[in-house]
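Here are some exercises to work through with the structure open beside you. Try each task before reading its solution.

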Amino acid sequence: MQVLIPAPFWVSYPEIAKMAGAKPVIIDCTAQDDFLLTPAALQASTSLTPASRLLILCYPSNPTGSVYSRKDVEAIAEVVADHPRLMVLSDEIYEHIIYTPAEHHSFAALPGMYDCTLTVNGFYKAFAMTGWRLGYLAAPSHVAIQSQSTSGACLPFPLPDCLS
């Protein structure tokens, strides 16, 4: 099983793929394309194979800040639609941290993409909740699981009234 990761990328993506038992496959994106994955690069890459199960898209991008236009994500969706076993993990944690004229377009909201998209998002980036790390996964019911994870939690003791 392969996880396709456009580069540059958030440092943890390959390690997360390895922890899940998958092989991370890096697809280089160029400055000429604003460090965004293009459908041509995805299709031309030897990376997109029958073993490819997940494409990670992070936009606005960490670390570059690049934002896919609606036309860009629709074009990538066309490639994904041609590969029925390929799902998309759409990391949209920075959706509210963009500057005009850029606009955010959620991958799962595109026609036909809901059933193959795992949307990762959260509250702590957009609402300046440093340290809270409140996030969520939105996914179709056939792949979603209920889970709870704690990362770096360090609560004060005794607990403030608002937390007890």
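Predicted model: local features only at pLDDT ≥ 70, side-chain atom pairs only at ≥ 80, totals over all residues.

**Exercise 1. Find how many aromatic pairs a search of the whole structure gives, and classify the pair formed by Tyr59 and Tyr68.**

Solution. Start with the search: it returns three aromatic pairs. Next, take Tyr59 and Tyr68, whose ring centres are 5.3 Å apart with 85 degrees between the planes. Planes over 60 degrees apart count as edge-to-face, and that is the class of the Tyr59 and Tyr68 pair. Finally, check accessibility: both Tyr59 and Tyr68 are buried.

**Exercise 2. Work out why the pair of Phe123 and Tyr136 is tilted, and which parts of the chain the pair ties together.**

Solution. First, the geometry: the ring centres of Phe123 and Tyr136 lie 5.5 Å apart and their planes meet at 40 degrees, so the pair is tilted. Then locate the partners. Phe123 sits in the loop between strand 5 (117-122) and strand 6 (135-138), while Tyr136 belongs to strand 6, so the pair ties together parts that are 13 residues apart in sequence. Last, look at accessibility. Phe123 has a relative accessible area of 38% and is partly exposed; Tyr136, at 36%, is partly exposed as well.

**Exercise 3. Describe the surroundings of Asp91, and decide what its side chain reaches.**

Solution. Begin with the position: Asp91 is part of strand 4 (residues 87-91). Now look for a charged partner. Asp91 is buried but has no salt bridge, and the nearest side chain of opposite charge, Lys125, is 9.0 Å away. A salt bridge would need a distance within 4 Å. The side chain of Asp91 does reach the backbone nitrogen of Ile93, at 3.3 Å. Leaving aside residues up to four places away in sequence, Asp91 touches Tyr13, Leu57, Cys58, Tyr59 and Val120. Tyr59 is also a member of the edge-to-face pair from Exercise 1.

**Exercise 4. Identify which residues of the largest nonpolar core touch the most other members, and which element gives the largest share of this core.**

Solution. The core has 23 residues, and Leu42, Leu55, Leu57, Val80 and Phe107 touch the most other members. Strand 2 (23-28), strand 3 (52-58) and helix 3 (70-81) each contribute at least two residues. Helix 3 gives the largest share, with five residues. To see one of these residues in place, follow Leu42: beyond four places in sequence, its contacts are Leu4, Ile27, Leu37, Leu48, Leu55, Ile76 and Val79. A second, separate core holds 12 residues, among them Ala22, Leu54, Met87 and Leu89.

Note on methods
Residues numbered from 1 in each chain as written. Heavy atoms only, no water. Phe/Tyr/Trp six-rings, centres within 6.5 Å; stacked < 30°, edge-to-face > 60°. Buried < 20%, exposed > 50% of the residue type's maximum accessible area, 1.4 Å probe, protein only. Helix = DSSP H or I, 4+ residues; strand = E, 2+ residues; numbered from the N terminus. Lys, Arg positive; Asp, Glu negative; His and termini not counted. Polar contact = N/O pair within 3.5 Å; in protein donor to acceptor, adjacent residues only side chain to side chain. Contact = heavy atoms within 4.5 Å. Core = buried A, V, L, I, M, F, W, Y, C linked by side-chain atoms within 4.5 Å.
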